[in-house]
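Reader: I am new to protein models. Could you show me how to read one, feature by feature?

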Amino acid sequence: MKITVNDEAQEVSATTLAGLIDELGYAGARIATALDGHFVPKTERLQATLAAGARVEIVAPMQGG
Amino acid sequence: MAALFYGQELSSALMLGTAQYPSPEILRDAVLAAQPGVLTVSLRRESAGERAGQAFWSLVQELGVPVLPNTAGCHTVREAVTTAHMAREVFGTDWIKLEVIGELDTLQPDVFGLVEAARILTEEGFKVFPYTTEDLVVAERLLAAGCEVLMPWGAPIGSGKGLNNLFGLRAMRAHFPSVPLVVDAGIGVPSHAAQALELGYDAVLINTAVAKAGDPVAMARAFGLAVQAGTLARQADPMEARDMAAPSTPVAGKAFLDERITAKILSGCG
């Protein structure tokens, strides 16, 4: 299935956000996720199903002012 | 008495940004030199390969300073609200420095979007630190939206121009005597920071002035000292400025060495 992750097109086999996090190697990392522009809390990633064309954002702590 | 930011007292009136330092080591040394009460942090897309965010998070945890995540770079209410939600989960705090940018040359806040986003986030339990202007009407709206802290700009972000509108900042302090106020943005040198605190501001937020100094660690220390000086000066109740001179050395008992001058002084028109 084709989706975009952080604006990059990706071919993935995961069908949920939780599965995607594992598949892309973010397991255990301190990250937050959004699906199609909406925040998805960690506790809801298992229920968040991915459709073709889904837009996923994965963010992490970064320097800021 | 030190201001409380949503019930929390800060160990220093210096809020320090973590961006733009030459290296993580210099950032760490700058934080140790400045001893800030808060570190501001942000969120960016993470690549699974690089894991830069994880290393940064370890450094922040090691420093042990409370963090204030921002919504820097957000231009719409929706973006800012979503970013705040993500920040709350990643950083484990309901504090959020709310930025909704309205204009690219000045990075001036979109105060209309800011008020709306502040209301939404407050209702969702966030403790909002809004990056705003010195406009009193906007400030009233932010307080009505639930903000308990206001962060007016000194000058545009990264400009280093200091306190651009002293009248406006003074008016804001006078108008909101009991609201914690922070000068955010535009501070270029330590004297600007001391000046803000002498005006009665409760804290200053600084990033570029330290990170982009030739020696960021030395500058961090200078800001730490300036903030201490400004805080102490405010507590010490500064004298009122006046237009005419007033001799600091007592005139009474001075030897009469030139009677023409003595006569003038004694008649009060010296």
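**Reading the model step by step**

Author: Start with one side chain. B:Arg45 is partly exposed, because its relative accessibility is 40%. Keep in mind that this is a predicted model.

Reader: Which side chain does B:Arg45 meet in a salt bridge?

Author: First the general idea. Side chains of opposite charge can pair when their charged atoms come close. Here, B:Arg45 pairs with A:Asp7, at 3.7 Å from N to O. This pair crosses between chains. B:Arg45 sits in strand 4 (residues 38-45) of chain B. A:Asp7 lies in the loop between strand 1 (2-5) and strand 2 of chain A. A:Asp7 is exposed, because its relative accessible area is 61%.

Reader: How many salt bridges are found over all chains?

Author: The search of the whole structure finds nine. One of them joins B:Glu123 and B:Arg119, at 3.8 Å from N to O. These two residues are four apart in helix 4 (residues 111-123) of chain B, so about one helical turn separates them. B:Glu123 is exposed, at 62% relative accessible area. B:Arg119 is partly exposed, at 38%.

Reader: Which residues do salt bridges with shared partners join into one network?

Author: A:Asp7, A:Glu57 and B:Arg45.

Reader: Where are the two residues of the B:Asp94 and B:Lys127 pair?

Author: Look at the bridge, then at the sequence. The closest N and O atoms of B:Asp94 and B:Lys127 are 3.3 Å apart. The pair links distant parts of the chain, 33 residues apart. B:Asp94 is in the loop between helix 3 and strand 6 (95-98) of chain B, while B:Lys127 is in strand 7 of chain B. B:Asp94 is partly exposed, with 26% relative accessible area. B:Lys127 is partly exposed too, at 26%.

Reader: Now the inside. Is B:Phe129 buried or exposed?

Author: Buried means under 20% relative accessible area. B:Phe129 has 0%, so this residue is buried. B:Phe129 belongs to strand 7 (residues 127-132) of chain B.

Reader: What is B:Phe129 in contact with, leaving aside neighbours within four places in sequence?

Author: Its partners include B:Phe5, B:Met15, B:Trp95, B:Leu98 and B:Val149. B:Phe5 has its own list, with B:Leu10, B:Pro180 and B:Val182 among them.

Reader: Which residues touch the most other members of the largest nonpolar core?

Author: That core has 81 residues. Those with the most touches are B:Phe5, B:Met15, B:Leu98, B:Val128, B:Phe129, B:Val204 and B:Ile206. Helix 3 (residues 77-91) of chain B gives the most to this core, with eight residues.

Reader: Which residues make the nonpolar surface patch?

Author: B:Val251, B:Ile261 and B:Ile265, with about 220 Å². B:Val251 is in the loop between helix 9 (216-235) and helix 10 (259-266) of chain B. B:Val251 counts as partly exposed, because its relative accessibility is 37%.

Reader: What is the mean pLDDT of chain B?

Author: Where pLDDT is low, the predicted coordinates should not be read in detail. Chain B has a mean of 93, and 98% of its residues reach 70 or more. Chain A averages 93, with 100% of its residues at 70 or above. Among the elements of chain A, strand 2 (residues 8-11) has the lowest mean, 93. Strand 3 (residues 32-35) has the highest, 95. The model scores ipTM 0.92 and pTM 0.90.

Technical notes:
Residues are numbered from 1 along each chain as its sequence is written. Chains are lettered from A and ligands numbered from 1 in the order in which they are written. This is a predicted model: local features need pLDDT of at least 70, side-chain atom pairs count only at pLDDT 80 or more; totals for chains, interfaces and linings use all residues. Side-chain values use heavy atoms; hydrogens and water are left out. Patches are made of residues with over 30% relative accessible area and no salt bridge: like charges are joined within 9 Å, nonpolar side chains (Val, Leu, Ile, Met, Phe, Trp, Tyr) within 5 Å. Accessible areas come from the Shrake-Rupley method with a 1.4 Å probe; for residues, only the protein chains shown count as cover. A salt bridge is a side-chain nitrogen of Lys or Arg within 4 Å of a carboxyl oxygen of Asp or Glu. Buried means under 20% relative accessible area, exposed over 50%, partly exposed in between (1.4 Å probe, protein chains only). Contact means heavy atoms within 4.5 Å. A nonpolar core is a set of buried Ala, Val, Leu, Ile, Met, Phe, Trp, Tyr and Cys residues joined through side-chain atoms within 4.5 Å. pLDDT is the predictor's confidence in each residue, from 0 to 100.
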